[in-house]
Amino acid sequence: MAKTGRLRQTAAPRIGQVTLLRLAVILGVLAVWEFLAHSGWLYRDVVPSLLSIARALAGLLGSSEFYFNLGVTAAEIAAALAIGGLSGLVVGILLGANRFLSRAFEIYLYYLGPTPKIIFFPVLIMWFGVGPESKVALGTLSCFFPVALSVAAGMRQIDKVLIRVGASFRASALQMVLKIYLPAMRHPIINGFRLGFGFALIGALLAETKLSNKGVGFLIINAYSTFDMPRMYAMLIVLFVLAIGANALIGRLGALDRIKRL
Amino acid sequence: MIGAAALRRSSPGRFIAPAVGFAAIAGAFALGEVLVQIGVIDRYIVPPPSEVIASFYRIVAEERVFTRFLYTAGECLIAGVLLTLFGIAGGVLMHRFKLLQQAIETWVAALAAAPLVLMYPLFLVIFGRSMWTMVIMGFVSGLPPVILKTIEGIAATREVLINVGRSFKLSASQQFWKILFPAALPTIFVGVRLGLIFALINIVGTEFLINFGGLGHLIADLAERYDLAGTYAAICFVILVSILFFIALEKAERWLRPAD
């Protein structure tokens, strides 16, 4: 999602203190939460007690219904990432390789990229129906732009020497793509897919909350409309853990490669 | 993302490529028009582009599009002010207390990658169907980049500048307001720009999802009335507004950046 920049390593306090502070922050937040839950200042159940959230979490993780819906959503996201990511990759390579195409079309991608995609959902429902297809379509639309833009930018940063090496070996266009371009820009590609994954996830889940009858987004909005707050919190927790974990995993994929090269 | 300016700057024949791009898109719309008119594409799924253009007038005249625009803009403004204030304050605090930064900077970065917009049912419960649901949604989703960029900007202040401050014996607060903050401002604004973009996306998205408020609500409303041409026109309108918003932010960022 965010281009948040690298985190700096600041040489200062020892690890022990950091861990202590982290624990203190977590405990503080939990204590304030529990206090709010019992204070009666907010509407009942808006801030449910930690115990009831834990119970809901356990119930959720033990129910086959949840895994079925998680599977539906995961399949939608995977399909969106495959379609949107691959088409983004192709378009990115075309734009990155050809200055004319880039000058003609990239400006549209650049400005369309960050616009809110969920507003296309009514149109996508008309085109693809109310089933999982329209969620895949919205996810695809969301993840296409970051992949295409990241790949196009990465393509332009490839060392010119590598391209000349390819040319002097008389590599065909396909060989250039497979042997020079793709290996040389795996970092922008991985980064593009990391961003794309985040957008595909948001696209598919938001679409599910708007109109659907299965998927985790549907479960969340269902919990909301039946005012089952602990269950809703439990699902948000699971989703956040999964999303942040997947994001870190894809990021690690890029870093692993860097370590191996050293 | 590459700068739009870099794309525009070009050698001879600089107008040919953009003209071809524009012509290709216009051509695609014309083709769409023909395909709908001769019935290859069902006009109850895709209305002809000419009908969409014609209904622009209708959504302006009948659907109070400017009032809605102001409503959404107001939400973005409040969220923007909030995330600037809290984001910069958070960043400064974390820069000042290194221990705090070490403990939670990675958490903030992880939050920036989390699908925060999915929390909208939560805010819906807390704030009800009101403007504040959107404002808080925008605020929460735009906060992480502002915090992270503020830390980055302050930490990147050139040593020379800090030494100048020291040699003038500036107090800690003078050092901050006269040296660190001005030096970090361009980077901080990058964070604010990202934050505002996330805020706009999430505010319009939430309006659409909960059928309430400004421009997002308009699209949901028109779609529910099955006013197809109107829906397409409203989507185009929202896209145009967001693009203008991005361009304005980019101009502001370039204006703030030092000339070196």
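Q: How much of chain B is made up of buried residues?
A: Buried residues account for 42% of the 260 residues in chain B; a residue is buried if 20 or more other C-beta atoms, placed from the backbone, lie within 10 Å of its own. This is a predicted model, in which local features need pLDDT of at least 70, side-chain atom pairs count only at pLDDT 80 or more, and totals for chains, interfaces and linings use all residues. Residues are numbered from 1 along each chain as its sequence is written, while chains are lettered from A and ligands numbered from 1 in the order in which they are written.

Q: How many helices and strands are there in chain B?
A: Chain B has 11 helices and 0 strands. These are DSSP runs numbered from the N terminus: helices are H or I with at least four residues, and strands are E with at least two.

Q: Why is chain B described as more spread out than a compact globule?
A: Its radius of gyration is 23 Å, well over the 18 Å that the globule rule gives for 260 residues, so chain B is more spread out than a compact globule. The radius is taken over C-alpha atoms, and the rule is 2.2 Å times the number of residues to the power 0.38. Along its principal axes, the C-alpha trace of chain B spans about 80 × 60 × 30 Å.

Q: Which domains is chain B divided into?
A: Chain B has domain 1 (4-46) and domain 2 (63-256), with bounds from an automatic or database domain assignment. Their centres, taken over C-alpha atoms, are separated by 32 Å.

Q: Changing topic, at what angle do α9 and α10 of chain B pack?
A: Helix α9 (residues 172-210) and helix α10 (residues 215-224) of chain B pack at about 35°, with their axes 7 Å apart. Axes are lines fitted to C-alpha atoms over the stretch in contact, and angles run from 0 to 180 degrees between N-to-C directions.

Q: Which residues meet there?
A: Among them, V204(B) and F208(B) in α9(B) meet residues in α10(B) including L215(B) and I219(B).

Q: And how many residues of chain A are in contact with chain B?
A: 55 residues of chain A are in contact with 57 residues of chain B; contact requires C-beta atoms, placed from the backbone, within 7 Å.

Q: Which element of chain A gives the most to that side?
A: α4(A) gives the most, with 9 residues.

Key: Two residues are in contact if their C-beta atoms, placed from the backbone, lie within 7 Å. A residue is buried if 20 or more other C-beta atoms lie within 10 Å of its own, exposed if 12 or fewer, and partly exposed in between; C-beta atoms are placed from the backbone.
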